[in-house]
Amino acid sequence: MNIILLGPPGSGKGTQSQKLVEKYKLSHISTGDILRSQIANKSDLGSKAKNYMEKGELVPDNLIIEMVLKTTESIESILLDGFPRTINQALSLEKEMNILEKKIDHVLYFDVPFEDLINRLSKRISCKNCSKTFSKDDKEYFCIDGCSFQDLYQREDDKPSAISKRMDTYKELTEPLLEFYKTKDLLKKINANSSIVEVSLEIDKILQ
Ligand code: AMP
């Protein structure tokens, strides 16, 4: 089974990915996580991507497409989180899947009102080791990988100046993908404004 998670920043794609990977034995490809680790490792790709990411802009298609398609080749069941984010990326993915004689089974669209997203993102703190996210409102931070409180930080692009840019970028470049996948009859809308457990149950109903 091959799945795409589509939705604005802060809509809970990463949180649900952690559950889906375990439950359905999928390989998780989060382009945001890959790029952040490239930046941490000071790679060539990381240094090219850093500026775009900090400003809340998309990293250019050619860099992203090459990075993702190199990985998808060898994977059986894939969970794409944060890719595709442009029509151009979606077309490249489609072409590659055709070559590999694979197909996308579901595109899960995480629907959350924009006002709630800004609030969620500005309170989000992330673990720099395992990328798990928490809210500043959480009573306790429990990380299964044993990461400690010192490992939690606010992502540069979760700061107010970058958040509004990311939302604009989403509306302009990523939202058109909803129509793209709707016409292919792959789009499944999830009410992602409910609790983590409720969202997870709604996804299970679609996948089972
Ligand atoms: P995320 O962790 O998915 O919110 O991604 C963080 C940032 O990484 C985005 O704001 C972009 O700058 C960059 N990024 C992640 N995925 C992509 C993609 N598919 N295309 C272009 N840029 C991306």
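This is a predicted model: local features need pLDDT of at least 70, side-chain atom pairs count only at pLDDT 80 or more; totals for chains, interfaces and linings use all residues.
Residues are numbered from 1 along each chain as its sequence is written, and side-chain values use heavy atoms, with hydrogens and water left out.

**Pocket.** I take a pocket to be an open set of points, on a 1 Å grid over the protein atoms alone, where a 1.4 Å probe fits and where protein lies on both sides within 12 Å along at least five of seven lines; a lining residue has an atom within 4 Å of a point. The second largest pocket holds about 160 Å³ of space, a volume being the space filled by probe spheres set on the points. Helix H5 (87–99) and helix H8 (176–183) each supply at least two residues of this lining, and H5 gives the most, with 5 residues; helices here are DSSP runs of H or I with at least four residues, and strands are runs of E with at least two. I sorted the lining by class and found 7 nonpolar, 1 polar and 4 charged residues.

**Ligand.** I then turned to the ligand, where Thr31, Arg36, Glu57, Gly82 and Gln89 come nearest of the 16 residues around it, a residue being near if one of its heavy atoms lies within 4 Å. Helix H2 (residues 31–40) provides the largest share of this shell, 4 residues, and by class the shell has 6 nonpolar, 4 polar and 6 charged residues. For polar contacts, which are pairs of N or O atoms within 3.5 Å, I noted that a polar side-chain atom of Arg36 lies 2.9 Å from an oxygen atom of the ligand, and that an N or O atom in the side chain of Arg155 is 3.2 Å from a ligand oxygen atom. Val59 instead uses a backbone N or O atom, 3.0 Å from a nitrogen atom of the ligand. The protein covers 95% of the 480 Å² of accessible area that the ligand has on its own, by the Shrake-Rupley method with a 1.4 Å probe.

**Sheet.** Last, I traced an open sheet of 3 strands in the order E6-E5-E7, with antiparallel pairing, where two strands pair if DSSP finds at least two bridges between them. Strand E6 (133–135) and strand E7 (152–153) are the edge strands, each pairing on one side only. Strand E5 (residues 124–127) is joined to E7 by 2 bridges, and Ser126 has Tyr153 in E7 as its bridge partner.

Technical notes. Ala, Val, Leu, Ile, Met, Phe, Trp, Tyr, Cys and Pro count as nonpolar, Asp, Glu, Lys and Arg as charged, and the others, Gly among them, as polar. A polar contact is a pair of N or O atoms within 3.5 Å; within protein, one must be able to donate a hydrogen and the other to accept it, and residues adjacent in sequence count only if both atoms are side-chain atoms.
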